[in-house]
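Student: I'd like to learn how to read the space inside a protein model. Could we go through one together?

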Amino acid sequence: MIGLALALLAGAGAYLIFTDVVLGWRRLRVPGAVPHGRARARRRDWLVQAGLADLPVRELLAVIAALAVLGALSAYAVFGGVLPALAVGAFAATFPLASYRVRRARRRATAMDAWPRLLEELRILTSSLGRSIPQALFEVGRRAPEELQPAFAAGQREWLLSTDFARALEVLKARLADPTADAVCETLLVAHEVGGADLDRRLEALIDDRVQDTNGRKDARARQAGARFARRFVLIVPAGMALAGMSIGTGRAAYQTPTGQALVVVAIVMVVACWVWAGRIMALPEEERVFDA
C-alpha cells in the first residue's frame, strides 16, 4: 500500500512539473480538458519558437515513451526496485521537452541578435535606396538567419499570391511568433497603408531599443554563467553518491529494502524539484506578444 501511494505521488509530481514547465499551466487540469484560448496560443507560440510547428505529436510521444522505458530499466538495474524505476522513468520522459526548451532558447537568442542588423538594413533600403516597404522587408528576410528564412519566404509567397500586405504580415507573424517581429510588422503595416514619413525615425528608435535589450540579456546571462554551471551538480553529485553507496558493503541490498526504496524515491523527487527550482529562479523574463493574431 505504501509503495502504491508513493508511486501515485511520484506520477502526480511528474505531471505537475511537466504541465507547469512545458505548458505553462498554473493549476491542476483534467486531462482532455480544453485550455483557455490564451493558454492554447502560448502553447502554439512555444512550438513555433522551438521550430516544432510541423512535428507530429505521435513522433514526440514515441520519443518520450522510449526514454521513459530506458530510464526506468536503468534505474531498476541500479536500485533493483519498482518505485525508483517509475520515478526515474517519469523524469527521463521530460528529457525531450528539456532539449526542446534549450533549442527554443537558442533560436530566440539567434533572432534577438539578428533583429538590430535586419532593422538597420530595412531602414537603409526604405529610406536611402527607395525600396517599397514589402520589397525591402522580404529582401531583408533573404539575408536573415537560417532559422528565420522560412517564415519570410512564406510571407513573401503570400504577398506574391494575394498582393495583400496585411495578410502577408499575418503569415510572417504567425511563423515567427516573436514580439520584435510583431512590432516591426505593425509599424510597417501602418507606414504602408497610411504613409510613413517618419518610418526612418521609428525604425531607428526600434533598433536602439533592441540593441539595449539584447545587451542587457547578454550581460545577465554572463553573470549567471557560474550558477548555470553549478546547477549541473544538482544531478551529478546525487547520482555519484548513489553509485558510490552501492559499492560499499551491503549498499545494494539496503537499496532494495522497503525503507531504502522509499528513501530513494524521496531523494529523486527532491533532486528533480531542486533542478526545476534552480532553473526557474535563473530564468530571464520573456517578452510577451501584444500584436499576435
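Student: How much space lies in the largest cavity?

Tutor: A cavity is a set of points, on a 1 Å grid over the protein atoms alone, where a 1.4 Å probe fits but cannot get out. A volume is the space filled by probe spheres set on those points, which are joined across faces, edges and corners. Here the largest cavity holds about 140 Å³. This is a predicted model, where local features need pLDDT of at least 70, side-chain atom pairs count only at pLDDT 80 or more, and totals for chains, interfaces and linings use all residues. Residues are numbered from 1 along each chain as its sequence is written, and side-chain values use heavy atoms, leaving out hydrogens and water.

Student: Which element gives the largest share of the lining of the largest cavity?

Tutor: Lining residues have an atom within 4 Å of a point. Helix 5 provides 4 of them; helices are DSSP runs (H or I, at least four residues), numbered from the N terminus. Among the lining residues are Arg-107, Trp-115 and Asp-178.

Student: And what lines the second largest cavity?

Tutor: That cavity, of about 40 Å³, is lined by Trp-115, Leu-118, Leu-119, Leu-122, Leu-137, Val-140 and Phe-152.

Student: Which residues have the most contacts inside the largest nonpolar core?

Tutor: Such a core joins buried (under 20% relative accessible area, 1.4 Å probe, protein chains only) Ala, Val, Leu, Ile, Met, Phe, Trp, Tyr and Cys residues through side-chain atoms within 4.5 Å. In this core of 31 residues, they are Trp-115 and Leu-137. Helix 5 gives the most to this core, 7 residues.

Note on methods
Buried means under 20% relative accessible area, exposed over 50%, partly exposed in between (1.4 Å probe, protein chains only). Helices (H or I, at least four residues) and strands (E, at least two) are DSSP runs, numbered from the N terminus. On a 1 Å grid over the protein atoms alone, a cavity is a set of points where a 1.4 Å probe fits but cannot get out, and a pocket is an open set with protein on both sides within 12 Å along at least five of seven lines; lining residues have an atom within 4 Å of a point.
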